[in-house]
Amino acid sequence: MAYTTPTEWSTHVLVSLDDNGDRLRDFLKSDDVQKLAWERHGFRGASQLGTDSASRFGVPGIAERVPAAVELPNNDAMQELVGVVGGK
């Protein structure tokens with residue numbers, strides 16, 4: 001496994017545009033879903049709640065923690081993106 005130093009990753013973006021989007025966002029951020037994502041797929045959420053060592057996957061060289069994340073654009077930039085994607 002090759003990692004750059006420092007290792008960086010970008011967060012998965014979900015832009016909620018209505019109540020259904022809000023419910024989906026809250027569901028995906030829930031502790032139960034974050035734990036399931038780790039246990040079944042190795043997805044490391046921000047909280048890393050209930051996670052055990054990455055050695056559980058039996059793949060040598062996996063980093064235990066991702067030390068840095070690329071932040072989302074500020075609200076003005078996100079609104080511009082929503083306008084472009086939404087055709088406004």
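Residues are numbered from 1 along each chain as its sequence is written, and side-chain values use heavy atoms, with hydrogens and water left out.

**Exercise 1. State the order of the elements of the chain, and where confidence is lowest and highest.**

Step 1. Count the elements. The chain has three helices and two strands. These are DSSP runs, numbered from the N terminus: helices are H or I with at least four residues, strands E with at least two.

Step 2. Read from the N terminus. The order is β-α-α-β-α.

Step 3. Check pLDDT, the predictor's confidence in each residue, from 0 to 100. The chain mean is 74, and 62% of residues reach 70 or more. Strand β1 (residues 8-10) is lowest, with a mean of 57, while α1 is highest at 92. Where pLDDT is low, the predicted coordinates should not be read in detail.

**Exercise 2. Find the salt bridges and describe how they join.**

Step 1. Apply the rule: a side-chain nitrogen of Lys or Arg within 4 Å of a carboxyl oxygen of Asp or Glu. The count is two.

Step 2. Take the pairs. Arg-25 meets Asp-22 at 3.4 Å, N to O. Arg-25 also pairs with Asp-26, with the closest N and O atoms 3.1 Å apart.

Step 3. Join them. Shared partners link Asp-22, Arg-25 and Asp-26 into one network.

Step 4. Check exposure: buried is under 20% relative accessible area, exposed over 50%, partly exposed in between (1.4 Å probe, protein chains only). Arg-25 is partly exposed at 31%. So is Asp-22, at 27%. Asp-26 is partly exposed too, at 45%.

**Exercise 3. Describe the contact of α1 with α2.**

Step 1. Get the geometry. The axes of α1 and α2 (residues 31-41) come within 5 Å and cross at roughly 55°. Axes are lines fitted to C-alpha atoms, for helices over the stretch in contact; angles run from 0 to 180 degrees between N-to-C directions.

Step 2. List the residues in contact (heavy atoms within 4.5 Å). Helix α1 gives Phe-27, Leu-28 and Lys-29, and α2 gives Asp-31, Val-33 and Gln-34.

Notes:
This is a predicted model: local features need pLDDT of at least 70, side-chain atom pairs count only at pLDDT 80 or more; totals for chains, interfaces and linings use all residues.
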